[in-house]
Amino acid sequence: MAIADCGLQNDLFFAIGNRQSAIYMGFTDTLTGIANRIEGCAAVVILGIDGIPIERHVHDLDSALDIETVATEFTTLVRRSMRTASDSELGEMREMVFATDTMSFLLRPITSEYFLLLALNQGGNVGRARFELRKAQLAMETEFAI
């Protein structure tokens, strides 16, 4: 039986088309999608380990907070944590959650040189944020591989 005869041709094309568009989606679109799927998301940033933001999406962030400054400050913490995990033979750092009175921050390395930072407003969905960052990391690590 031919593919067209059983109606799978359009479904197959749709699935392949969606996968290709997901792969080639720009970082801005990726970050916007992450923010839209997480309740309480304030901002999402892709950072280099040197502290330089690659891309960011501000979703629902207090205007008094400069997310790029916060993100840059976190790079020191991420570098130390990655080094501590490696030096103590615990393996690679996979995730970090930093909670304060007003916000929570989730950090996930994409590669050893780049990471994702997600800022959640108080009451934001941490579980969904962890899930979405893991999906994003898996999708992005091939794009950032050297």
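**Notebook: sheet and helices**

I began with a residue pair: Val44 stands opposite His57 in strand 2. I took helices (H or I, at least four residues) and strands (E, at least two) as DSSP runs, numbered from the N terminus. Two strands pair if DSSP finds at least two bridges between them.

The model is predicted, and I used local features only at pLDDT of at least 70 and side-chain atom pairs only at pLDDT 80 or more, while totals for chains, interfaces and linings use all residues. Residues are numbered from 1 along each chain as its sequence is written, and side-chain values use heavy atoms, with hydrogens and water left out.

**Sheet**

I looked up strand 1 against strand 2 and found that they run antiparallel, joined by five bridges. Their hairpin has four residues between the strands, and Gly51 there takes a positive phi near 95 degrees.

Next I followed strand 1 (residues 41-48) to strand 5 (residues 114-121); this antiparallel pairing has seven bridges. Cys41 has Leu120 of strand 5 as its bridge partner.

I then wrote down the strand order, 2-1-5-4-3, for an open sheet of five strands with antiparallel pairing.

I checked contacts, meaning heavy atoms within 4.5 Å. For angles, axes are lines fitted to C-alpha atoms, for helices over the stretch in contact, and the range is 0 to 180 degrees between N-to-C directions. Helix 3 (residues 67-87) lies across strands 1, 2, 3, 4 (103-109) and 5, at about 55 degrees to strand 1. Helix 4 (residues 126-144) packs on the sheet and touches strand 1, strand 4 and strand 5, its direction making about 160 degrees with that of strand 5.

**Helix 2 and helix 4**

I found helix 2 (residues 27-37) packed on helix 4 at an angle of about 165 degrees, with the axes 10 Å apart. That makes the two roughly antiparallel (angles over 145 degrees count as such).

**Aromatic pairs**

I searched the whole structure and got two aromatic pairs (ring centres within 6.5 Å). Phe74 and Phe98 have ring centres 5.3 Å apart and planes at 80 degrees, so I logged the pair as edge-to-face (planes over 60 degrees apart). Phe74 is in helix 3 and Phe98 in strand 3, so the pair ties together parts 24 residues apart in sequence.

Technical notes. Angles under 35 degrees count as roughly parallel, over 145 as roughly antiparallel, 65 to 115 as roughly perpendicular and the rest as oblique. Rings of Phe, Tyr and Trp (its six-membered ring) pair if their centres lie within 6.5 Å; planes under 30 degrees apart count as stacked, over 60 as edge-to-face and the rest as tilted.
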